[in-house]
Structure formats: C-alpha cells, structure tokens
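Take a look at the picture first, then read on.

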Amino acid sequence: MENVLRPLIVVGGSVVLTLVIGWAVDRTMRRIDDRHSETPLWGLLRRARIPFQVVLLTAFLRGSYDQARIFPSHSSAIGRALTLVLIGSAAWLVVRIAAAIVETSYARYASTHRDPARVRRVRTQVSLIMRVVTAIVGVVAIAAMLFTFPAMRAAGASLLASAGILGIVAGVAAQSTLGNLFAGMQIAFGDMVRLGDVVVVDGEWGTVDEITLTFLTVRTWDERRITMPVSYFTSKPFENWSRGGIQMTGTVFLHVDHSTPLEAMRERLRDILRECPAWDGRHYDLTVTDSTPTTMELRALVTAKDPDDLWTVRVTVREHLLRWLTEHHPYALPRVNTADAILPPGTLPDGPGPRPNRSRIHSPPRTDRAP
C-alpha cells in the first residue's frame, strides 16, 4: 500500500501545489494590472504563467523524486530528464520575462514620443535586442543541458583547453555569419534603417518589413518580399526615403506640342491638386524643361506627405492633364507632320538631272487642325 500511496502523494502533491501557487500568482498579477493600467508590464507578465507552472512542477518533482521511489532502477535517467526539462522551462520563463520588460519599455517610449522616425528606430532596436537575448538564453540553456552528461563535461574541458585554435577555425568558417551579425547590431544602434522605412534597393521600391540579426526583408508595393543579408546595407548605397522626414517632391513629365497653352495648363494643374486629397499643399509648379523640333517637354512638380500619397498625386495629375488636353486642347497633343519631299534647287520634275524622290512620308493623316 505504501508503494502506491507514496508516489500518488508526491506526484499529486506537486501538481496540486503547482496549480495553487500558479493560480495565486496569476490572480495577484491580475489585480496589480487592474490597479496600474498605465503600464502593460503586469499584463505581459501573465503570459509567462505557463512556463512558470512548468518550472514549479518540474522543480517539485525533481526535489521529491527520491522520496517517491518510482522506478528505482531508472532513477538516474528520470532525474536527468527532469533536470533537462527544468533547464528548458527556466530558459522559456526567462525569455518571457525579458520580452515583457522590453515590450513595456517600448510601449512607454512610444506613448511619450510623437516622432514616428524615433519610434521606429526604438522598435528596431527593441526587436533586435530581444533576438539577442533569446539567442543568448538559448545557447546558455543548451550548454547547461549538455553539461549534465558526464561525457560532455570532459568534452567541455577539452574544448576550453583548445579554445584558441577553435576560435580561429570558427572565426574563419563563420566569417560571413559573424559579418551579418555585427552588421545587424550596427543597423540597430546606428539608425541606418528602421522598421517601416521606405527604401529603394536595387531599383525596387518597398517598405522594411522585418529586421533580424542576419537578414532584412523589404515588402515591395506589389506585395513581394525581398530578403537580403543585413551586410548589404552597411557595404552598399541605398535610398532611404524615410530618413530625415517622409515628405517628398515628385515629378510628372509630359510631351506636348509647341502650341500648348501653358498658362491655362498651370491653372488646370492647380485645380487638379486642390481636388486631390493626397496633395499636402506645400508646392506645385509647371515648367518647360526641354524642346525638340516636334514637341516640348513639360515637368510638373508636386508634393505629398509620404511616398504612398506622392504616387497617388503623380498618377492623378498625369491622368487628368492628359484628359483635359484631349477634351479641350487636342491640338496640343504630339503630332507627326506629313508633307511632300522637297526637290533640290534647279531640278525639274521631267527635265535632265537627278530624278526627284516622289515618295511620301508614310504617317497617319493629320486630322487635328489649329483653330
């Protein structure tokens, strides 16, 4: 009877004690969270209740396993398994607590600062710091698990004795990885690029969607994802449209006839922009930037508060100006002139000398005429 009651008391008592302590701690944090609603710390710490209960249960079972006398012939293996679970759950708990502290710090900073650029910079730093902490805790936990085996202790001593040679070999083998790692830290604390920044990389326009210690993901305007090593941003030039402010100035180029009414076109541009919600009202202009024998080039300058609105303003201006020219001034659109070839001086059509070229320039007939 004792062989049955003892394990039930030990295991059942550990489970009941774990549930009671976990419930009490969770209820206490819930009350504190209700009293201090200005900070999300206690609410975030409640996410760690599951790893906390696993740590408690494993610790109780590990400490009372010898008194339970369950499978005494396998006591060493079961004890080592409980130790491994305890180490893993403890690392899980540490990561959850660190995440709660880091997210609370970021939320407090974001609530007190209104500058979007600084908020994105802090969010980038916070995400990378959390990844570093998770990696360090994971490495320490794995090392602690390995050192619970006697054979690994001897291997660890040998590795420490030859740490110099292994360090050189590892440094050469992981040169690219280490370069990306340090590049990621440089991006996080050097404020080169942040989450949410609008960048142009290799001719692709997009928004920084994810930054890790080794790679960076850019989400393009057509929902594609471009993934590249973070070392690219520390070794090659790229455009960051969000750095120093997100206001932008864009251009719209049109090719029109020399007879285009420029003053009327400037007034129409002003009316189009006033009716466009994406225009920020800072500036606009219409100038002649180039001229050819058949057309002249017009450049319309427009402004917007961010790249997305600038794209909307540009396509709106281009569409409405072309429609206005087509409906009200069709003669202002580019035309192709057709005419008979001019004979050389002193040459008669049927007389001596070189025969004239009677061919025509084959082009569409000219249907529009200036009034």
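A residue counts as buried under 20% relative accessible area, as exposed over 50%, and as partly exposed in between (1.4 Å probe, protein chains only). Valine 11, at 35% relative accessibility, is therefore partly exposed. You'll find valine 11 in helix α1 (residues 2-35); helices are DSSP runs of H or I with at least four residues, strands are E runs of at least two, and both are numbered from the N terminus.

A word on the ground rules. This is a predicted model, where local features need pLDDT of at least 70 and side-chain atom pairs count only at pLDDT 80 or more, while totals for chains, interfaces and linings use all residues. Residues are numbered from 1 along each chain as its sequence is written, and side-chain values use heavy atoms, leaving out hydrogens and water.

Now for the inside. A nonpolar core is a set of buried Ala, Val, Leu, Ile, Met, Phe, Trp, Tyr and Cys residues joined through side-chain atoms within 4.5 Å. Here are two of them:

| Core | Residues in it | Among its members |
|---|---|---|
| Largest | 25 residues | Met265, Leu269, Val317 |
| Second, separate | 16 residues | Val199, Leu213, Met228 |

Next, the sheet: five strands, open, in the order β4-β3-β2-β1-β5, with antiparallel pairing. Two strands pair if DSSP finds at least two bridges between them. β4 (225-229) and β5 (239-240) are at the edges with a single partner strand each, so one side of each lacks a neighbour in the sheet. Strands β2 (residues 204-211) and β3 (residues 215-220) are joined by five bridges, and glutamate 210 has threonine 217 in β3 as its bridge partner.
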